[in-house]
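Let's take a walk through this structure together, one part at a time. Have a look at the picture first, then read on.

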Amino acid sequence: MADRAVAAPRGRFSVREQRGFTTVAILCFVMLYAPMVTLVIYSFNDGNSIAVWEGFSWRWYESAINNREIRQATVRSLQVASFATVVSTIAATMAALATTRTPPYRGLTFVYGLINQPLMVPEIVTAVALLVFFAIIKGFTGYTGMGYLLAAHTAFCIPFAYMPIRARLEDMSLTLEQAAADLYATPWQTFLYVTLPLLLPGILAGAMLAFVISLDDVVITLFVAGPGQDTLPLYVIGQLRRIVTPEMNAVSSLFLLVSALLVTLFFFLSRRRK
Amino acid sequence: MVESVVADAAAVSAGERRRTAVQVQDVTKIFGTGEDRVVALDDVSVAVRENEFFTLLGPSGCGKTTLLRLIAGFDHPTAGAILLDGADISALPPFRRPVNTVFQSYALFPHMTVADNIGFGLKMQGKSKDEVSHAVDDMLRLVRMTELKHRQTSQISGGQQQRVALARALAPHPKVLLLDEPLSALDLKLRKEMQIELKRLQGQTGITFIFVTHDQEEALTMSDRVAVMNQGRILQVGTPRGIYDHPAERFVANFIGETNFLEADIVSAASGRATVRLSSGGTVPATAPEGVTPTGRVTVVIRPEHARLTRGGGEAPLSGRLENVVYFGTDTHYHLRLDGDVPFVVRMQNIRDNEEDFRAGEMLAIEIARNAVQILKD
Amino acid sequence: MTEQAAALRDGTGGELAGQAASRQAARNRLLLLSPALAIIGAAAAGPLLIVLVYSFLQKGNYAGVIWELSPDAWFNVFLERDIFDDTVSFADAHLSIFLRSLRLAFLATALAFLVGFPTAYFIATRPPRSRNIWLFLITIPFWTNLLIRTFAIMEILRNEGVVNVALMSVRILEEPIQMLYTDFAIAVGLLYVYLPLMVLPLYASIEKLDFRLVEAGYDLYATRWRVLRHVIFPLVRPGVVAGSILVFIPALGAYVTPRVLGGGKNMMLGNLIEFQFGQGRNWPLGSALSLTLMALVMVALIVYVRSTTSKGGEYG
């Protein structure tokens, strides 16, 4: 029943249709994509303007790639995101194993709350809290390296990595692990041969989300990054105060492309089950 | 332990006094605490003999699956012990018990091929690659699935998955095979085929099978012995014929087949035999449950097919008015009402040459077959 | 060991094994949880306690704090003392920022609902195959960089941006309208960046909607509007509440969008907090403001939890 096309021919009554909804929905999609499309189009503008089209050109991409600051910020972003992804995904996988498919135990609600804490507290609040906390540590130890940035990113990536892994675990039947134990697999073998392979799509999806989230972060990074530790988003937000050239469009377009690719991958990974 | 005289007699006569494979000793299992406390098993004891097809039969929630899970090691008893070949295995984790399970949902590993699934247990036991692959081929032949060896488990039918699950559990040659309602997901035709297949496999491998089902027909057709369970207790253990013909308790009589319940008075009783007077005044010989010498008012059961209608009267111990006739093809059910408004059903085979045309409203005599009256404990 | 042997003899080996298994499970759980909890505790949740402490200290002269208890920061959240005659009045600057934040967050939520509901309904009533495509189209902006999407809006709205250029080129406008660096720009930006957060939970609710109930509504003489109002809305209410909360909370604490689209002047709470830790050099006040923002978010969350749990009972 649900499979049948819903848009009824003109004049025929359709239970599912509401007047005007389709128009609003189409406008909504146009609204969501028009600014991004415009941004991408003007990244190819030959002129200096981001509104007046002066012909097609790759010059702003060339200029972005040749810009040392952009290159450094990109590399730093990727380094931070990779580190945060690996560590947060491992921690989130372990946490998901400890919080799913178990009868409720004392402290479980507290654990849920703590893991999801970075999602519930406004980012700006976490950001200033980290600023204050890391300032104290800097005062005591004198350490000013990348450690702060790595720790902060890992922490706020954990809940994002945790969500798909937990969802996957909850979908997995416990009987498979029981079957393995019944067939002489020790707990470790059961994990290695049954749990882990079945969980892998969830883990990959979680890692993907963590990577995107770390790559995109502005607010916490802004407060935690020391001098000379600009990530790509920090570089971009710094440039927005000045006169913007299509070079920013080029950088942003590349960024959009990477995000879209990762999200597409995530979409298919989390959809493949069932 | 409750075992019917007849069951034991049958076992002895068959010359099958076998050793005990699994001994369940005073096992109690309680889930939850306080308000949520549920007694899943209430002081259960039972002995399953070696090379036996043993069935745990009961309605859902009766504790049969819990008992199976305790034997497999997925849960631990709150009290009592489980012995395998005389040794206590209660404290062993499932992967140290030489016991394998066929799960209700099969629980085949979806990320492995048919062959990998079947070889899993042997691989975990540390067997060499050669050994594993030989055993897998043997198993595939045993369940007649050789051509599907390299399929993914998602690409085979429900019946085939069932066979793979069986092969997987049999491959490590467990001492006991546990089967948790393994046929419930199959359609009727496939279920009948698998019933025969299971019997064949049990005979061929010589492994003790403990089979859990809520389907009385399945239990009666496949088992060497059946334990009927209800509300965490085992009510009666015996051969299928033993528990069908001689149910000792009202629940057993009711759960398996159709039955007429009648009030009666004991006239005389001695070691398993008794004579009872029915409310109609007629006296009939009856079988008493094991270990009980009944006195006074009792309930007796008579299976509908153990009674016969006649117009004759005379010697018949019961008579009643025919109210309703229901035709079933192979047989016909006659619904009668006895004196004192007691309902009584008679089932007679529709055999061409002695078909009589009983009409609703007639007063008819009811003859009862020899040994057909069973006295209940309660 | 002897105790265990005795227990085995008495037939309680299974019970002991059960207890040992559950103790082992508890140990494993703790072990598995510790990395995640340690990281979040140290680099997300724990530092909030320091913010709480700081909000009760004196502000330092240059930055940071002086370790003396002081209620000044909390006093200054809503009030101010005149430096000449010591009279106390409401801190108009702060109040207007609080009000702007609430107003813009509410506005963004309401607009997101008006646009998001028909969109979610549209997606949920597509045939399954194309439904996934539409859903995917909503998911992409959901996970793409917020800063870059804000930048995209900025380019559209600026004086030399496409909207103004287009309107001027067809002679509707003589000169560009100033849209960037206004509350309007912030509202548009918030709507734009948080819209997917409204659509996704709405979709999840509408997708579960049993359309036989809608049929029953029409069968009983309800018009389209009445079916929407009396059948569909009550049934998808959890999605409406969830979507609204998901938009409202980040909009209230927004920092990037008002910074980029509001310029320096049109601050929201997030920018005010940043200001106190930056040029304002008043860490205690910044801390107190942060906690106030957190309190507002908690209130919204409590309203959310209340409305989802208590209403659930009514429908059984």
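Before we start, one term: two strands are said to pair if DSSP finds at least two bridges between them. Keep in mind, too, that what you're looking at is a predicted model.

With that in hand, go to chain B and find strand β16 (residues 318–327) and strand β17 (residues 331–338). They run antiparallel, and seven bridges join them.

Five strands of chain B make up an open sheet, in the order β15-β19-β16-β17-β18, with antiparallel pairing. In general, the strands of a sheet pair through backbone hydrogen bonds, either parallel or antiparallel. Which strands stand at the edges here? In chain B they are β15 and β18 (343–349), and each has a single partner strand, so one side of each is left without a neighbour in the sheet.

Across from R308(B) you'll find E367(B) in β19(B). The strand β15(B) also has two faces: A307(B) and L309(B) are on the covered one, while R308(B) and T310(B) are on the uncovered one.

Now for the inside. The largest nonpolar core has 163 residues, and those touching the most other members are V128(A), L130(A), I158(A), A36(C), I40(C) and Y194(C). Helix α8 (residues 183–208) of chain C gives the most to this core, with 16 residues. Apart from this core lies another one, of 111 residues, which includes M139(B), A169(B), L178(B) and V301(B). To see how chains A and C meet, zoom in on I158(A): leaving aside neighbours within four places in sequence, its contacts include S88(A) and I115(A) as well as A36(C), I39(C) and I40(C).

Most residues other than glycine have a negative phi. Yet D85(B), not a glycine, has a positive phi of about 50°, and H173(B) likewise has a positive phi of about 50° without being a glycine. D85(B) sits in the loop between β4 (79–84) and β5 (87–88), and H173(B) in the loop between α5 (158–170) and β7 (176–180). Is D85(B) buried or partly exposed? It has 14 C-beta neighbours inside 10 Å, so D85(B) counts as partly exposed. H173(B) also has 14 C-beta neighbours inside 10 Å and therefore counts as partly exposed.

Methods
Residues numbered from 1 in each chain as written. Chains lettered and ligands numbered in written order. Predicted model: local features only at pLDDT ≥ 70, side-chain atom pairs only at ≥ 80, totals over all residues. Core = buried A, V, L, I, M, F, W, Y, C linked by C-beta atoms within 7 Å. Buried ≥ 20, exposed ≤ 12 C-beta atoms within 10 Å, placed from the backbone. Helix = DSSP H or I, 4+ residues; strand = E, 2+ residues; numbered from the N terminus. Contact = placed C-beta atoms within 7 Å.
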